[in-house]
Amino acid sequence: MSGVAGLLLLNSCVKDELYKTPHPDKGRITITADWSHRSTDCPLPEEYVLLHSCCEGTALKAPADREFCHPSLFEPNSHTLIAWNEADRITIDHTTAHINTVERGLLESLPGYLLTEAQNINVIKDDTLEVEIYMKQKTRDLLFELTVKEGDPDRISNITGTLSGIAGSFDLSSQRIYGEAMNTSFPFARTNDKITAHTRLLGTTGLKQSLRIDLTFTDGSSQTIENDLTDLLKNFNDDMPTPMYITGDLLTPIEADMTATIVGWENGNEENGENILILALSIVTLAGCGNDETPLGDTTPDSSACER
């Protein structure tokens, strides 16, 4: 009898190993994207691409407006997630975003809004890690307003601007501008004595940013104005959701053999900038955050695979 009692007592001291999840040796993650760091002109995309940095084949699409449970289980270790939205006129090659080019190798002057982030996470086994990814805008609006202060504005028939020292690529893994400096070209439009233009840039790069303005007059003559905007654009890569406004005074020829010039370059104040934006929106159509193309196909997993 005492032997049976001793056996029962021994068994009562053995603790059952209990687990919190059906995956005791691995961890699961849920991801929520924070889209608050974006321009007011950029609507919330419907979805975004999520990539585990270990391998390109892991790219899948996640809904932008709610929590997403990753269908894969992760080893308890450090991992890197790379996220980005698909934007108009921007091509993603592996983990590098490239602004599309047009004729003469110029960058598209008005690509969509690119938002991205690369985030390190530490997965815990037998648990679910809740991850919030803070998506950051990486393309910024640049708007110009020139005021004709000398000469007859009606003599101007066409104005084109070409900006140099512009970034064409962005490394999604390191979250840094990548590659050599490139150029983009965009039209100006005139309303009475106001001349405006709107472009959107991935950022500035290189030692110098120059704006060349090609003026054509109604008599068929033309002039070119070269402007060094390096100092004005030195902080362009900061605060990407906020448009940057550049203003100046255009002096056109009033006599033969005179040369057009632009003086008084400066950053426009907020009130002036709002006026520029209204004019710019009448000239161009803003490219949104989304992209109708789906190069990855329908890679959104069945939500049932995400049961914890």
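Asp231 is exposed, as is Lys234, where exposed means over 50% relative accessible area, buried under 20%, and partly exposed in between (1.4 Å probe, protein chains only). The side chains of Asp231 and Lys234 form a salt bridge with an N to O distance of 3.4 Å; a salt bridge is a side-chain nitrogen of Lys or Arg within 4 Å of a carboxyl oxygen of Asp or Glu. The model is predicted, so local features need pLDDT of at least 70 and side-chain atom pairs count only at pLDDT 80 or more, while totals for chains, interfaces and linings use all residues. Residues are numbered from 1 along each chain as its sequence is written, and side-chain values use heavy atoms, with hydrogens and water left out.

**Salt bridges**

- Helices (H or I, at least four residues) and strands (E, at least two) are DSSP runs, numbered from the N terminus.
- Glu75 counts as partly exposed because its relative accessibility is 46%. Lys26 is also partly exposed, at 28%.
- A salt bridge connects Glu47 with Lys61, and their closest N and O atoms are 3.5 Å apart. Glu47 belongs to strand β2 (residues 47-52) and Lys61 to strand β3 (residues 60-63), so that the pair links distant parts of the chain, 14 residues apart.
- With 31% relative accessibility, Glu47 is partly exposed. Lys61, by contrast, has a relative accessible area of 3% and is therefore buried.

**Strand β2 and its partners**

- Strand β2 is largely enclosed by the rest of the structure, because 5 of its 6 residues are buried.
- β2 runs antiparallel to β3, and 4 bridges join these strands. Two strands pair if DSSP finds at least two bridges between them.
- Leu50 has Leu60, in β3, as its bridge partner.
- β2 is also joined to β5 by 4 bridges, again in an antiparallel arrangement. Here Val49 stands opposite Trp84 of β5.

**An open sheet of 5 strands**

- Strands of a sheet pair through backbone hydrogen bonds, either parallel or antiparallel.
- In this structure, 5 strands form an open sheet with mixed pairing, in the order β13-β14-β10-β17-β18.
- At its edges are β13 (189-191) and β18 (261-267), each of which pairs on one side only.
- Neighbouring strands of the sheet are turned against each other by 25 degrees on average, direction ignored. Axes are lines fitted to C-alpha atoms, for helices over the stretch in contact, and angles run from 0 to 180 degrees between N-to-C directions.
- Strand β10 (residues 140-150) and strand β17 (residues 244-251) run parallel and are joined by 8 bridges. Glu150 stands opposite Leu251 in β17.

**Cavity**

- The structure contains 1 cavity of 30 Å³ or more. A cavity is a set of points, on a 1 Å grid over the protein atoms alone, where a 1.4 Å probe fits but cannot get out; lining residues have an atom within 4 Å of a point.
- The largest cavity has a volume of about 30 Å³. Grid points are joined across faces, edges and corners, and a volume is the space filled by probe spheres set on the points.
- Its lining consists of Ile99, Leu107, Glu108, Pro111, Ile166, Ala167, Arg200, Leu201 and Leu202. The elements that give two or more residues to this lining are β11 (156-171) and β14 (194-201).
- The lining residues of the largest cavity divide into 7 nonpolar, no polar and 2 charged. Ala, Val, Leu, Ile, Met, Phe, Trp, Tyr, Cys and Pro count as nonpolar, Asp, Glu, Lys and Arg as charged, and the others, Gly among them, as polar.

**Residues with positive phi**

- Most residues other than glycine have a negative phi.
- Arg104, which is not a glycine, has a positive phi near 65 degrees. Arg104 lies in the loop between β7 (96-99) and β8 (115-122), and counts as exposed at 66% relative accessibility.
- Gln175 likewise has a positive phi, of about 60 degrees, without being a glycine. Gln175 is placed in the loop between β11 and β12 (176-187) and counts as buried at 16% relative accessibility.

Notes. On a 1 Å grid over the protein atoms alone, a cavity is a set of points where a 1.4 Å probe fits but cannot get out, and a pocket is an open set with protein on both sides within 12 Å along at least five of seven lines; lining residues have an atom within 4 Å of a point.
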